[in-house]
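Please read the following report alongside the sequence and the coordinates.

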Amino acid sequence: MEAVARKICIIGDFAVGKTSTVARFVHNAFSEKYLTTVGVKIDTREIDTNSGPVKLVIWDIAGTDRFSAIEFSYLRGAAGYLVVADGTRGHTVDVARRLRAEARERYGEVPSVMLVNKADLADEWDTDEATFDSLAQDHAAVFRTSAKTGDNVENAIRTLAEMVAG
Amino acid sequence: MSTLDIARLPDAVAKIVAAAVPATVVLRVDRLGRLLEAHGDASTVKLSGLGTGKSVFSQLPMLEGSDLGDRNHWACIDNGAGHAVDVDTVPGELDDAWIVLVSVEDRRLAQQQQQLAANEARLMNQRQQKLVDQLVAARSELELRRREAEEALTDKTRFIASMSHEFRTPLTSVIGYAEWLSTALDDTAQRQSRAIVRAGRHMLSLVNNLLEQAQLETNQASARPDCIALRDLVEDIAAIMAPLAAEKGLAFAAFVDPQLPERLVIDEMRVRQILINLLGNAVKFTRTGSVQLNLSSQADQLHIEVADTGPGIAEDDKGRIFTAFKRLEGSQRQVGSGLGLHITLQLVKLLGGSIGLDSEIGRGTKFHVRLPYQDAPAEIPAAASEPAAATTGQHLLLAEDDPDLVQLLQLYLARAGYVLTIVDNGRDAVSEALARQPDLVLMDFNLPIVDGLSAACQLREKGYSGVVVALTGATLDDDRLQAVEAGFDGFIAKPIRMPELMATLQALLA
């Protein structure tokens, strides 16, 4: 059975770990070195879902706290969003909320999964349970992830893959 | 893949290519996305193996999800081969579409360096801001804890003041009755009653120390300098200490340098307490020999010297003896609350002075206190130091709810010739005072029905113009201020020393 291709966009503020999350998911790798993304970096990975094999074409979009017309154009045709925030920088959750709302306004309802990243630095988190509860209302699922250790990265992206595969 | 010939391209595609040649690749696809034509050098955008007839979506995953029938522009997209391209899609006129890939790798690299520096600076700022926020939060927390601690300390002071008041009222009766009896009984009974007086006064000094300590802790204490007769004060202190020393077989002497003025301005109550604490300690810890008090003037300061022939204080202990609740090792030093010297130090500081000591083990100790004072103004008349023997039937209203104290005051006041009206609550005090217009109202603070402060206010509001004197165990500065604001003319602290009471009444009624 030939895999269906699906465009997935990963969005969030700068330095929340979007590129690292994709690297963990696609290459099972992690680098401590911070390299900012310019424009879009594209990676693909094929996985099996309950609906059959899916080739995820992941658009890793440069971090921003607000979409300009250019970033909006990147979202066009996306089957789902991975929205990422940094648990140690509470305001990046607000940025994630704003980006999700802007995307919804522009392209309507598209499935999304929220990743609150850097779970390996839990001691430094300033994101509380109430925040998670409210995020759960905006997304199909919310995960505490760590691109560094790999915790929940696979779960989070597979959850979205199941939703867009059918 | 053919060479790129701009002339063969549609105008919209040619415009894009013209701005970017030579690093440009142009593809033409049919409506199903199959690659029909490829123009340009694919290696300039790090692409290879583009095959016509195959789906362009599988060959260029970046196009997944895009509608090639629409005009699109995507800037700076990594084409999957680690090379950044701008991608444009332009609908064709033959049910086809054109895809233009322009290499922007150089631009991406330059922009990445720039953006990296900017992002790292922003991250640094955010981390700094977070630290600042944490510091502010920590400071707020500390401030909250400090306020809570202060409130707890104030509550404690209030509690001690309240307890102090509770002690003072019965102590007035204990000491007062014992003093009364000591003049009326045989020698044996007089000695016994004097022992009661001494014990009562000792207990009073402990209560005073506790209260003073609480006030000093909360910075509620303030110096109240007044014109005093220093020699009278020393005589008074000697009268208290000499019998205590004599009981232990100690010689006691007090000297006042003739160079010291007869009258000077200083806080008498605090000086009295300093003297009692130092002399009390000296008598307490000296087994044989003497205790001596010397007062002199040095460099315009009152110099107090208290010398004893007691056990002395070890060098290591000299720094510790002024610490609260620190008592030196050894059974003799374990007597008392451990507050005396600590309070003495605080009182000396309160009065702007200094304290020090010389001591030698086995030879004794000499404390030196230096206190600033002011010369008494010449026009201030000397206060009456002796109570009046009798009055001429002046009318006095006594408002006090402690029956033992009422009986004791009756003894003294009647002997002094006052005509008394007695009530046991504030409401009756107001009505009786307004009806009978006594020369003086002597009123407790803590009266039932209407308290003393409210009663004084009512008296003043209703036009009573006689003298109103507060009689209370409350001794905080705040209480004194409240008493003045309520309309009291004087303030007598319990336990009442009868000679002082008589002198105060006489002065106020003069």
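## Chain B as a whole

Of the 510 residues in chain B, 33% are buried, a residue being called buried if 20 or more other C-beta atoms lie within 10 Å of its own, exposed if 12 or fewer do, and partly exposed in between, with C-beta atoms placed from the backbone. This is a predicted model, in which local features need pLDDT of at least 70 and side-chain atom pairs count only at pLDDT 80 or more, while totals for chains, interfaces and linings use all residues. Residues are numbered from 1 along each chain as its sequence is written, and chains are lettered from A and ligands numbered from 1 in the order in which they are written.

Chain B contains 12 helices and 18 strands, where helices (H or I, at least four residues) and strands (E, at least two) are DSSP runs numbered from the N terminus. Among the contacts in chain B with a separation of 6 or more, 61% are between residues 24 or more positions apart; a contact requires the C-beta atoms of two residues, placed from the backbone, to lie within 7 Å.

## A mixed sheet in chain B

In chain B, 5 strands form an open sheet of mixed pairing, in the order β7-β9-β10-β12-β11, with two strands said to pair if DSSP finds at least two bridges between them. Because β7 (251–256) and β11 (354–360) of chain B each have a single partner strand, they stand at the edges, and one side of each is left without a neighbour in the sheet. From one strand to the next the twist averages 10 degrees.

β7(B) and β9(B), the latter spanning residues 290–298, run parallel and are joined by 6 bridges; A251(B) stands opposite S290(B), and A253(B) has Q292(B) as its bridge partner. Helix α6 (residues 268–285) of chain B packs on the sheet, touching β9, β10 (301–308) and β12 (364–372) of chain B, and its direction makes about 15 degrees with that of β10(B), whereas helix α7 (residues 340–350) of chain B touches β11 and β12 and makes about 140 degrees with the direction of β11(B). These angles run from 0 to 180 degrees between N-to-C directions, and axes are lines fitted to C-alpha atoms, for helices over the stretch in contact.

Between β9(B) and β10(B), which run antiparallel, there are 8 bridges, and S296(B) stands opposite H303(B). The two strands form a hairpin with 2 residues between them, and A299(B) in the turn has a positive phi of about 50 degrees.

## The surroundings of L181(B)

L181(B) belongs to helix α3 (residues 105–182) of chain B, and it counts as partly exposed because it has 16 C-beta neighbours inside 10 Å. Leaving aside residues up to four places away in sequence, L181(B) touches A189(B) and S193(B), and its C-alpha atom is separated by 8.7 Å from that of R194(B), 13 residues apart along the chain.

Helix α1 (residues 18–27) and helix α5 (residues 153–165) of chain A pack at an angle of about 85 degrees, with their axes 10 Å apart. α1(A) and α5(A) are therefore roughly perpendicular to each other, a description that covers 65 to 115 degrees, whereas angles under 35 count as roughly parallel, over 145 as roughly antiparallel and the rest as oblique. T21(A), R24(A) and F25(A) of α1(A) make the contact with V153(A), E154(A) and I157(A) of α5(A).

Between the chains, 20 residues of chain A are in contact with 24 residues of chain B. β2(A) gives the most to the chain A side, with 4 residues.
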